[in-house]
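Hi,

Here is the structure I said I would pass on. Have a look at it first, and then read on for what I found in it.

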Amino acid sequence: MTDEREDEHTKDDVTVMQDQTDTVKLEPGGVVKSVDDLDFRERAKLLPDHDTWLERPSTVRGLIIASLVVLAFSVVVEPIFIPASDYEAHFPGLDNWPFRIGWHAMFGLGACVVMVVFSKWVVGNVLKRSDSYYRDLKDRTPEDPSPGPTEDRPRGGDA
Amino acid sequence: VIHFPPGLILILGGLLLAFLRGMPFKIATLVLPVISMWAVWATPETPVTLEYLDYTLIIVQRNAPTMVFGTIFSLMAFGGALFAWNQDRPLELPAAFAYAGSAIGVVFAGDIFTLFAFWELMAIGSTLVVWSKDTEEARSAGQRYVNVHLVGGAVMMAGITGHVLTTGSIAITNLSALDSLWSWLILAGILVNAASPPFGGWLPDAYPASSESGMVFLSAYTTKTSVYVLMVLFAGADILIYIGCAMAVYGIVYAILENDMRRILAYSIVNQVGFMVCAVGIGTEMALNGAAAHAFAHIIYKALLLMSAGAVLHQTGKRKCTDLGGLYRTMPWTMAFGTIGALAISAFPFTSGFTTKSMITEAAAHEHLAFAWVVLEAASAGVFLHAGIKFPWFVFFQKDSGLRPPEAPTNMLLAMGLFAALCIGIGLYPDPLYTILPFPDAGHHAEHAAGHATKLYEAYTAKHLIYQFQLLLFSGLAFFLLLKMLKRTETITLDFDWSYRRMFPVLWLVVFRPFLRFIQPVHVFLTEKLPAVVVDLFDVNSPRLSSRIFQGKWGVGPTVALITVFLAIFLVVNLYT
């Protein structure tokens, strides 16, 4: 059993070897790399159910095409189901559109783009911090080497 | 018919739970909410009063929005208890039940004192729910949480005291005129609990620090009780329209930047409560119906979303989007239920959001409030972006994180299944919900002139369906177009809690403490050196003084000083008598 495994190590074409205790990946050059050293994405690729139907490029392409068809459909049906007589704006000049269709589609798209850009570029740039920000506060007292407020000197000063 | 506040069942039941263990405990957690639901509906139509000191308290009264809130609060306690069935935190469910019962007590309160008493009990129960997680993070977040709520409660109490002293009435009346300092203070106290900025930093701070099931409970009560109280006290206050709009946008902007899945959902609570606050500000019958219906639907789908996030946290121990992904492989049911909740929060047709939240935007349009309508429509699109797609995408799809957790435990799946069924049920058949709304006849008034449409609100019109599909599908398109910008990073975004977590501590270290250190000699002189001098001079027990007196060394100077002091005292006393 042990000898067999050592044989495997010398082979260049072996990429993955399953063991009862640990999994190792053999690089083409014969370099042994423990799974623990791998990025979690690389590790995920070793798992047997990594490649699912949903994530195959052909499926993804199909989903994209289907989504685009649905998007187009939602706009195209508008004049069919909403007759011109029914088409009235709540706020003339605000929620209507010269060519009648697709106002809500454009509004939804535009509103999301504006909000994402605003949050990412304006709010994000000003207020974003590392997620250890508050945790660091407790350790971060170099500018004040004296004991913290709770363990302050006894009343009456140092006289 | 019962003659005590129905909230007492869950409050006392929660206290009883604390003494139970094992199976009796678990069964009681499911039975108590059922009894509570019965009690809510067994309350008398006429108010129940209680004489206390000089006041006649109305401890049970069905106000216009009471039944919607009482019903959903009991239902929520059941769903939460089912979800928590497999969790063994002896403090959490008793605290959560006391919290839920207090919320029910608030919605049945017929006077402002009773309302406030239950309101403060909620703060205690909810803090214990946060603390029951028993981690350092939960401990400190709970500490901040309770401090904020105690301050908010004190502000509200000050307002109530002033209001009662000036008007002499403890009745619940509409204060939307905001014509006194007292009504402003009451409003500020409520807005703290409604998590509206700038008082809202506590929500995304404390809720995600609680346990999986703890946050499910927390998401339901505090903010929605505030919506209820705003409805009975401040319906029609214009300022709430703008506060609500600000909340709706703030929630989205922060949720877009957030990495922690449960904080994304915490910010979307603020966003959704913004819709309700705005509706309360609009204040028409249709808007108030919308606010109540939306609160009902919101509690269900938000709990569902948090259950699904809680199940993921329970199974993986991870909460950051950057660590998660690809979980649909092994947690398909959790994924499916979470997605139903995500669609419902986005007001997707055939879900509960579509038949409830739309009432609010419709009411804004009906009142020709262009600003509110545009903001709410944009926020509706943004909800789909930040919660509807973002949450399921980053947790269940996205990349393969390599995590292969087993499917959630059965009780969690049952709780999620129940709430998912309600999301779809209310979406397809909202009529039972419409009958318990504050103004079930609003449809009649509005459409009476036209001679048709006796229905309260008809969500399923061709127009509404097509417009909503367009709005949501194209915001979905925006999500995938901007996916690169939305990629999660290991960051947080500073919120208003920064002021008390960072600004004041740093000010203390850098400004206040050095200042106090600087003036310490003055302080020491005033409090210690000066008294010591006086004691030396005049105290009979002072060895120096007694030695002077009895050994004949009593000089002229001290004697003159003593006489001068006595004369000065004599002069001052004489001036005032």
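Predicted model: local features only at pLDDT ≥ 70, side-chain atom pairs only at ≥ 80, totals over all residues.

Chain A is built from six helices and four strands, and along the sequence they come in the order α-β-β-β-α-α-α-α-β-α. If you take the contacts in chain A between residues at least 6 apart in sequence, 8% of them join residues at least 24 apart.

Now for the interface. How much area do chain A and chain B bury between them? The figure is about 5,900 Å², with 67% of it on carbon and sulfur atoms. On the residue side, chain A puts 64 residues into the contact and chain B puts in 63.

As for specific interactions, there are two salt bridges between chain A and chain B. The count of residue pairs in polar contact across the two chains is 12, with both residues at pLDDT 80 or more. Several elements of chain A each supply at least two residues to the side that touches chain B: helix 2 (40-46), helix 3 (57-76), helix 4 (78-81), helix 5 (103-127), strand 4 (128-130) and helix 6 (133-139). Helix 5 of chain A has the largest share of that side, at 20 residues. By type, the residues on the side of chain A that touches chain B split into 33 nonpolar, 15 polar and 16 charged.

Strand 4 of chain A pairs with strand 3 of chain B (residues 491-493) in the antiparallel sense, over three bridges. Within that, Arg129(A) sits opposite Ile492(B), which belongs to strand 3 of chain B.

One residue I'd zoom in on is Asp131(A), in the loop between strand 4 and helix 6 of chain A. Is Asp131(A) buried or exposed? Its relative accessibility is 17%, so Asp131(A) counts as buried, the cut-off being under 20%. Apart from its neighbours within four places in sequence, Asp131(A) is in contact with Lys320(B), Glu490(B), Thr491(B) and Ile492(B). With Lys320(B), Asp131(A) forms a salt bridge in which the closest N and O atoms are 3.1 Å apart. The side chains of Asp131(A) and Lys320(B) are also listed as a polar contact, at 3.1 Å.

Cheers

How values were computed:
Residues numbered from 1 in each chain as written. Chains lettered and ligands numbered in written order. Heavy atoms only, no water. Contact = heavy atoms within 4.5 Å. Buried area = accessible area lost by both parts, 1.4 Å probe. Salt bridge = Lys/Arg side-chain N within 4 Å of Asp/Glu carboxyl O. Polar contact = N/O pair within 3.5 Å; in protein donor to acceptor, adjacent residues only side chain to side chain. Nonpolar A, V, L, I, M, F, W, Y, C, P; charged D, E, K, R; others polar. Pairing = 2+ DSSP bridges. Buried < 20%, exposed > 50% of the residue type's maximum accessible area, 1.4 Å probe, protein only.
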